[in-house]
Amino acid sequence: MKIDPRHMDYRDAHHLLIGAIVPRPIAWVSTVGENGVFNLAPFSFYAGLSVKPAIVGFAVGSRRDGSPKDTLRNVLFRKDFVINVVNEALQDTMNTSATPFPPEVSEFEKAGLTPARADLVKAPLVAEAPVSMECQLRQILEFGEFPNQSSFIIGEVLLMHVKDGLLVNGAIDVAQLKAIGRLEGDNYCRTGDRFYMQMPRNSL
Ligand SMILES: Cc1cc2nc3c(=O)[nH]c(=O)nc-3n(C[C@H](O)[C@H](O)[C@H](O)COP(=O)(O)O)c2cc1C
């Protein structure tokens with residue numbers, strides 16, 4: 001079967017794409033609004049883009065009526081954000097934070113999470129998260145037309161926070177991290193089922 005997403009409506013194309021791009025990591029993004037309210041929301045169109053400088057990016061779609069989500073408005077205003085890692089212990093609070101609350105309502109309060117002061121950016125860390133990355137806005141790439149715009153927010157990681165004991169020989173211990181990922185629809189995966197396979201090495 002061959003499917004051309006250019007001729008599908010938004011919802012059908014979305015379903016198709018998120019079933020093909022799996023498993024997806026979740027950027028749990030904290031920001032501060034123009035009104036000073038701490039905002040938090042998950043985004044799974046998320047990737048690492050460069051190591052040195054450390055660059056990450058995630059895509060924020062528009063709301064059904066074409067209006068921007070709070071995360072995009074806040075990043076445009078404050079020019080920074082924090083990406084927190086979601087583990088199994090935080091899955092329910094992450095899901096609560098995806099509720100489209102109005103800008104004056106903090107997802108931190110609604111989900112019972114603790115905002116912690118970052119060192120270098122205005123956005124708060126999720127104190128309960130195992131790993132958090134303080135990011136400065138670098139660039140935003142815009143795609144699509146009203147009401148289906150998507151903004152790919154690209155930031156430089158200025159500082160990483162890793163909970164004590166998680167770092168083993170300079171790497172984050174995935175067995176302890178217990179990160180979760182997003183699949184199609186409302187389906188998720190855990191990272192408990194892993195296997196080892198060494199990448200081919202050559203002499204170049
Ligand atoms: C696991 C998960 C992943 C999500 N990924 C995205 C995404 O990649 N892009 C997006 O626009 N919305 C995504 N959403 C929906 C947003 O989290 C949701 O629209 C949220 O209300 C946005 O909040 P804000 O208005 O505070 O920015 C995702 C939701 C969940 C639960």
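This is a predicted model: local features need pLDDT of at least 70, side-chain atom pairs count only at pLDDT 80 or more; totals for chains, interfaces and linings use all residues.
Figure 1. A nitrogen atom of the ligand lies 3.0 Å from a backbone N or O atom of Ala 59. Gly 61 places a backbone N or O atom 2.7 Å from an oxygen atom of the ligand. The side chain of Thr 71 has an N or O atom 2.6 Å from an oxygen atom of the ligand. The ligand exposes 640 Å² when taken alone, and the protein buries 89% of that.

**Figure 2. The shell around the ligand.** The ligand is surrounded by 20 residues, and the closest are Pro 42, Gly 61, Arg 63, Lys 69 and Thr 71. At least two shell residues come from each of strand S2 (38-43), strand S4 (55-61) and helix H2 (70-78). S2 gives the most, with 4 residues. The shell comprises 10 nonpolar, 5 polar and 5 charged residues.

Figure 3. Two or more lining residues come from each of helix H1 (10-20), S2, S4, H2, helix H3 (91-96) and strand S9 (150-162). H1 gives the most, with 7 residues. By class, the lining has 21 nonpolar, 15 polar and 11 charged residues.

**Figure 4. The second largest pocket.** The volume here is about 330 Å³. Of the 18 lining residues, Pro 25, Ile 26, Val 85, Ala 179 and Ile 180 lie nearest the centre. Strand S8 (131-143), strand S12 (180-182) and strand S13 (188-190) each give two or more residues to the lining. The lining divides into 14 nonpolar, 2 polar and 2 charged residues.

Definitions and conventions: Residues are numbered from 1 along each chain as its sequence is written. Side-chain values use heavy atoms; hydrogens and water are left out. A residue is near a molecule or strand if one of its heavy atoms lies within 4 Å of it. A polar contact is a pair of N or O atoms within 3.5 Å; within protein, one must be able to donate a hydrogen and the other to accept it, and residues adjacent in sequence count only if both atoms are side-chain atoms. Accessible areas come from the Shrake-Rupley method with a 1.4 Å probe; for residues, only the protein chains shown count as cover. Ala, Val, Leu, Ile, Met, Phe, Trp, Tyr, Cys and Pro count as nonpolar, Asp, Glu, Lys and Arg as charged, and the others, Gly among them, as polar. On a 1 Å grid over the protein atoms alone, a cavity is a set of points where a 1.4 Å probe fits but cannot get out, and a pocket is an open set with protein on both sides within 12 Å along at least five of seven lines; lining residues have an atom within 4 Å of a point. Grid points are joined across faces, edges and corners, and a volume is the space filled by probe spheres set on the points.
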